[in-house]
Amino acid sequence: MHIPPRTTIIGITILWTVIIFTLCTLPGDAIPNPHLNIPNIDKFVHGGLFFIASLLLIFPLIHYSHLPRWKSYLVACLYTVVYGGLIEILQYYFFNRSGEVYDLLADFIGAVVACLCYPMILRILRRKK
C-alpha cells in the first residue's frame, strides 16, 4: 500500500475539520431536509462526520508517529470529544443552534467505530495494491 506524504494527509484532515465546523455551524433552516423518516438522522450524520475525522487522524498517528496503536486510537477519541464538545458549546452560545449532549455522544461513537474498523479498512486497502 502506498502511504501518501504526511503533508497530504494533514491537509486533508484539516480540510475535513473545517468542513465539520462549517456544517455544524450552519443555521438550522439552511440545512436541507432530506424528507426521510429516519428518527434522529442528525445523530447518524454526526457519527459519520467524526468517523471520517477519526480515520483521518488515526492513519498519520499510526504511520508517522511513534505512538502505539492504542494511543493513536485514544488520541482520535479524545480529539472527537474535545472538538465535538467545542462545536456543541459554540452552537448553543453563538450560532443559535441547540448544543446537544447526544450529538457529542454520536461524535464519540463515530470515533470508536472508526477505531474498531481501522484494521479492517487497512487490510482492504492493502489487498487493492
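Predicted model: local features only at pLDDT ≥ 70, side-chain atom pairs only at ≥ 80, totals over all residues.
**Exercise 1. Cysteine pairing**

*Solution.* Step 2: a disulfide requires the two sulfur atoms to lie within 2.5 Å. Step 5: the structure accordingly holds zero disulfides.

**Exercise 2. Accessibility of cysteine 77**

Classify cysteine 77 as buried or exposed.

*Solution.* Step 1: the relative accessible area of cysteine 77 is 12%. Step 2: a residue counts as buried under 20%. Step 3: cysteine 77 is therefore buried. For context, 35% of the 129 residues of the protein count as buried.

**Exercise 3. The setting of serine 72**

State in which helix serine 72 is found, and identify its contacts beyond four places in sequence.

*Solution.* Step 1: serine 72 belongs to helix 3, which covers residues 69–94. Step 2: its relative accessible area is 0%, so serine 72 is buried. Step 3: once neighbours within four places in sequence are set aside, serine 72 is in contact with Ile58, Leu61, Ile62 and Leu67. Step 4: for leucine 61, eleven residues away along the chain, the C-alpha atom is separated from that of serine 72 by 5.6 Å.

**Exercise 4. The span of helix 3**

Compare the end-to-end reach of helix 3 with the expected value at 1.5 Å a residue.

*Solution.* Step 1: helix 3 has 26 residues. Step 4: after helix 3 comes asparagine 96, with a positive phi near 50°.

**Exercise 5. The whole chain**

Describe the order of elements, the share of contacts between residues 24 or more positions apart, and the placement of charge.

*Solution.* Step 1: the protein has four helices and zero strands, in the order α-α-α-α from the N terminus. Step 2: among contacts with a separation of 6 or more, 76% join residues 24 or more positions apart. Step 3: there are 10 positive and 6 negative side chains, and the centres of these two sets lie 26 Å apart. Step 4: along the principal axes, the C-alpha atoms fill a box of roughly 45 × 30 × 25 Å.

Key:
Residues numbered from 1 in each chain as written. Heavy atoms only, no water. Helix = DSSP H or I, 4+ residues; strand = E, 2+ residues; numbered from the N terminus. Buried < 20%, exposed > 50% of the residue type's maximum accessible area, 1.4 Å probe, protein only. Contact = heavy atoms within 4.5 Å. Lys, Arg positive; Asp, Glu negative; His and termini not counted. Charge placed at Lys NZ, Arg CZ, Asp CG, Glu CD. Expected span 1.5 Å × (residues − 1).
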